[in-house]
Amino acid sequence: MKFNVKKIALKTLKWIGILVCIVLLLMFLLPMLFPGKIEAEVKKLANAHLTSRLEFNHTKLSFFTHFPSLSVSLDDVSLMGSKPFENDTLLRAERVAFGINLKRLIFDKTVKVDELYVTRGFVNVKVNTAGGANYNVYKSRPKDPAAPRTPDDPEEGTAIQLDRVDLRNCHLVYNDHSAKILVDAHGVNYLGKGGLSEAIFDLETNADIDSVDFSYNRVAYLESKEIHADLITRVNTNALTFILTKNELRINRLPLEFNGFFTIRRDGYNIGIDAASENTRLEDVFTTLPPPYLTWMEDTEIKGRADLHFSFKGRYNVKEKQQPTLGFDAKVRDGYVKSGKAPVPLEDFQMDVSGQLPALDMNRLAINLRGLDFKVGEKSFFKAKVTTKGMDNMAVKADVKGSLDLAEVDAALGLNNLHFKGMLRTDIVSNGIYNASKKLLPKTKGSINLQKGWLKTGYYPNPIKDITFVANITDDKGTYEGLKLSVTPASFVFEGNPVYVNATVSNLEDMFYKARIKGELNVGRIYKVFAQKGLDVTGYAKADLNLNGRESYATTGQYSKLDNRGTVLLKNIKATSELFSKSFFINEGNFRFENEKMWFEKFIAHYGKSDFAMNGYLLNTINYFLESKGTLHGEFNLKSRLINVDEFMALKEGENKDRKTEVEYAKEENPKMSGVVVMPTNLDVSLITNVDKVEYNGLVLNNLTGRAGISQGQMTLKKTIFNIIGCKVGIDARYDDESPLMANFDAHFTAKDFSVKRAYNEIPMFRELVTAAEKAEGIISVDYNIKGDFNGNMGPIYESLEGGGIVTLRDVKVNGLKMFGSISKKTGQDKLNNPSFNNIVVKTTINNNLIHIDDFTFKVSLFRPTIKGTTSFDGLLDLRIRLGLPPAGLIGIPITVTGTHSDPKINIFSKTGQKIDDAIYNEKTNTVVREEKRETKKE
């Protein structure tokens with residue numbers, strides 16, 4: 001029997017084609033059979049298991065989006081974070097797709113999500129300084145089997161049990177303020193596969209990241225690095241543990257293998273990671289340097305081998321103050337660097353260094369540089385051995401020797417934007433303990449000698465030249481007393497202007513100094529030489545100083561033994577402080593040194609809209625600048641047209657980017673807050689002030705005069721007077737910041753004969769303190785003591801206020817106050833509706849958000865009302881009124897007023913009100929534990 005092979009082949013292809021068409025048809029029709037059910041189940045699943053808001057535009061069900069999986073896609077997805085970041089985005093993506101288990105859908109009629117795809121997404125993970133994270137959005141909902149189902153519950157069996165996670169072209173940010181870690185990754189392509197629905201499974205990961213930045217404590221360690229990773233991670237979901245079994249990582253061209261584990265705990269995490277790159281090409285190590293150096297590498301020959309080891313192990317717990325230990329070890333062998341046409345290379349580069357940072361505690365930092373050696377040509381060489389342990393009590397051992405022709409080094413390295421010349425010789429030997437509190441220094445003998453120095457950068461056309469620096473240091477005793485340091489001289493010439501310094505310092509216990517400083521500089525151009533971004537000043541500085549003295553001469557009043565004299569002139573200088581967001585501009589500063597005093601002959605500056613003109617002096621400035629820590633003392637006259645207090649608040653925006661880490665974190669975590677004003681702690685100065693206008697939180701204070709002081713981080717006002725709402729106010733006050741978001745104050749102020757209506761309309765705090773003033777007109781006076789805390793917008797926290805004083809009602813008319821209107825209606829006495837107050841003194845005290853009013857009596861027609869009781873800043877009332885009847889009020893009707901200012905409850909012939917329980921305020925944490933409330937009546 002003959003077989004027609006061609007005919008059989010055609011039939012086979014025909015049936016295969018029919019089968020493929022049927023499969024394709026089913027793949028097209030199946031999504032149309034279940035769309036409502038699946039989309040509804042996905043929405044119910046999100047509502048049931050997410051604590052934050054999920055939004056998306058529309059959905060699509062298809063086999064073809066992520067073939068061959070059946071997937072439901074959500075377009076333009078936005079998922080908000082969990083508390084305290086509920087208003088910040090956790091995930092935003094062009095498309096998020098969920099793969100549906102087709103077998104379970106058809107045969108079990110249940111929806112099981114086992115694949116997750118995110119396309120062009122932005123994942124923004126945040127952890128605040130207290131350890132609160134924004135990713136706790138998933139909630140499990142244990143269901144009572146006996147409880148009835150609701151229409152919003154997902155179908156039984158509906159679940160998320162992922163076996164595949166696929167991220168494509170995503171942007172990932174991990175910003176952990178508690179650990180001071182920032183990771184910013186662009187172009188993240190991640191594929192994770194494994195039995196993610198199992199309790200214990202192996203996760204196979206393939207990841208490619210186009211660019212990643214990594215910072216710790218706001219210091220960048222990786223910038224724009226390309227990363228490729230092939231990982232196998234064993235995951236234990238019962239203990240939330242990740243065990244790294246096979247892990248290969250590549251940072252640009254640097255290969256890195258690591259292993260260990262990572263366990264997430266409710267109160268932090270436990271980590272044990274070891275990473276290594278052994279026998280690696282030195283050129284590959286250099287590819288991890290910042291981006292500008294990668295261009296430099298293109299024309300540079302780099303040879304040598306390196307061994308790198310890193311470890312990060314231990315517990316992390318914010319509350320228990322536990323942190324892991326960081327360790328590293330690096331060895332470089334036979335290093336060689338030669339740029340382009342350099343006549344000689346930098347060669348025989350050998351380095352062996354290790355370090356430990358236990359519990360990330362800088363006071364326990366240990367560095368061991370066992371050797372750093374290289375040579376350039378036949379004569380230039382450098383050798384160094386340095387070990388340190390600790391920080392406040394640092395053990396130091398160092399031996400550094402070198403003789404370098406900097407021109408040869410410059411040619412060998414061939415750096416693009418930095419060129420130098422000169423002969424540099426160094427010889428330093430040091431051994432001992434550095435402890436500032438015990439006044440200990442390592443025993444040291446050393447010298448640094450630079451001759452015919454020359455420096456030029458690519459940021460400015462002219463070099464700094466004729467640089468000479470000759471320094472010698474000795475300390476035979478290992479103490480402050482034994483130190484001798486001489487700089488004879490330090491000098492350079494920049495654009496024809498010479499600068500010269502010759503100085504000797506010895507005996508830090510009672511510091512002796514002798515210095516000659518002379519020169520002038522175009523400061524703006526010097527900034528340009530070193531490419532200081534944002535410093536756009538064209539400032540000028542000129543100095544001519546002779547300084548000769550001893551620290552004790554100033555501190556013991558032996559001023560005649562000092563010989564400090566000379567002048568410093570500054571013009572158009574821009575200066576910044578980590579305390580403030582904007583820059584200070586010194587328009588002109590003319591300073592004269594005369595023994596113990598630095599006189600401000602003329603000082604004109606501005607900060608934002610605020611301006612300052614000062615004259616006076618600082619004491620002992622030489623000691624301050626020579627010591628590592630100290631306090632500047634002085635007295636000044638200050639005149640200003642405007643001081644805008646709001647500009648000085650810590651979280652305000654400004655051009656100064658060099659701020660304290662705690663300030664930057666506070667800004668990120670509290671974007672709608674201004675912060676409080678942070679005072680400098682190194683000043684002890686007294687100011688006689690004359691300020692035309694002060695602006696603060698919408699208030700305008702005119703003609704402020706008096707004495708102000710800044711000392712130990714606190715500001716005081718004494719016998720200070722200003723005008724507001726047409727009234728002269730006297731104030732004595734103290735202000736002390738506790739953090740960028742919190743401050744405390746206490747004040748005594750007096751204000752005589754001012755308009756109660758203007759005060760209510762224009763002064764927010766008066767509006768809160770005297771709520772009844774809304775319906776009043778006339779003249780009053782105030783004499784009050786108050787203390788409390790400021791919040792993150794530098795407004796008072798009313799629950800924290802304590803104080804008391806008197807309010808004198810000289811000639812006040814009340815119209816339309818509901819309380820008097822209700823009393824008038826209840827008693828049938830119309831004259832009580834709109835009473836007048838003449839020369840009435842009201843004494844009150846404030847505590848725990850309550851205002852307690854002592855009894856006071858006034859006259860309304862023939863009646864003698866007496867009022868006392870309690871009201872709250874939130875409007876609650878608990879008042880007792882005795883309505884004295886004629887004649888002379890000998891007989892009275894008891895009345896109680898409860899309810900609120902807007903809805904008072906009047907009870908005639910009653911002496912029993914309804915007590916208001918105090919608010920509870922925690923002064924240590926500056927938080928309200930409980931708001932004030934009505935006392936609960938016992939049954």
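**Fold, cysteines and backbone geometry**

Biologist: Is cysteine 727 buried or exposed?

Modeller: A note first: the model is predicted. Buried means under 20% relative accessible area. Cysteine 727 has 2% relative accessibility, so the residue counts as buried.

Biologist: And cysteine 170, buried or exposed?

Modeller: The relative accessible area of cysteine 170 is 3%. The cut-off for buried is under 20%. Cysteine 170 is therefore buried.

Biologist: How many disulfides does the structure hold?

Modeller: A disulfide is a covalent bond between the sulfur atoms of two cysteines. Here a pair of cysteine sulfur atoms must lie within 2.5 Å to count. The number of disulfides in the structure is zero.

Biologist: How many helices and strands does the protein chain have, and what share of its residues is buried?

Modeller: The secondary structure comprises 13 helices and 48 strands. The chain has 939 residues, and the share that counts as buried is 44%.

Biologist: Of the contacts with a separation of 6 or more, what share joins residues 24 or more positions apart?

Modeller: A contact here means heavy atoms within 4.5 Å. Among contacts in the protein chain with a separation of 6 or more, the share from residues 24 or more positions apart is 52%.

Biologist: Which backbone oxygen lies 2.7 Å from a polar side-chain atom of threonine 288?

Modeller: Threonine 288 sits in the loop between α4 (282–286) and α5 (291–297). Leaving out residues up to four places away in sequence, it touches Leu222, Lys225, Ile251 and Leu254. The backbone oxygen at 2.7 Å belongs to valine 285.

Biologist: Why do the buried residues of α6 lie on the same side, and what arc do they cover?

Modeller: In helix α6 (residues 406–413), the buried residues are Leu406, Val409, Asp410, Ala412 and Leu413. They are on the same side of α6 because the arc they cover around the axis is only 165°.

Biologist: Which residue follows α6?

Modeller: Take the start of α6 before its end. There, a side-chain oxygen of aspartate 405 comes within 3.1 Å of the backbone nitrogen of alanine 407. After α6 comes a residue with positive phi, near 60°: glycine 414.

Biologist: Where is proline 84?

Modeller: Most residues other than glycine have a negative phi, and most peptide bonds are trans. The bond from lysine 83 to proline 84 is cis, with omega near 5°. Proline 84 lies in the loop between β3 (69–80) and β4 (89–100).

Biologist: Which strand holds proline 489?

Modeller: Here too the peptide bond is cis: from threonine 488 to proline 489, omega is near 0°. The strand that holds proline 489, residues 483–494, is β22.

Biologist: Is aspartate 466 buried or partly exposed?

Modeller: Aspartate 466 belongs to strand β21 (residues 464–475). Its phi is positive, near 55°, and it is not a glycine. With a relative accessibility of 48%, aspartate 466 counts as partly exposed.

Biologist: What is the relative accessible area of glutamate 495?

Modeller: Glutamate 495 is in the loop between β22 and β23 (497–506). Phi of glutamate 495 is also positive, near 50°. The residue is partly exposed, and its relative accessible area is 27%.

Methods:
Residues are numbered from 1 along each chain as its sequence is written. This is a predicted model: local features need pLDDT of at least 70, side-chain atom pairs count only at pLDDT 80 or more; totals for chains, interfaces and linings use all residues. Side-chain values use heavy atoms; hydrogens and water are left out. Buried means under 20% relative accessible area, exposed over 50%, partly exposed in between (1.4 Å probe, protein chains only). Helices (H or I, at least four residues) and strands (E, at least two) are DSSP runs, numbered from the N terminus. A polar contact is a pair of N or O atoms within 3.5 Å; within protein, one must be able to donate a hydrogen and the other to accept it, and residues adjacent in sequence count only if both atoms are side-chain atoms. The arc is that of the directions from the helix axis to the C-beta atoms.
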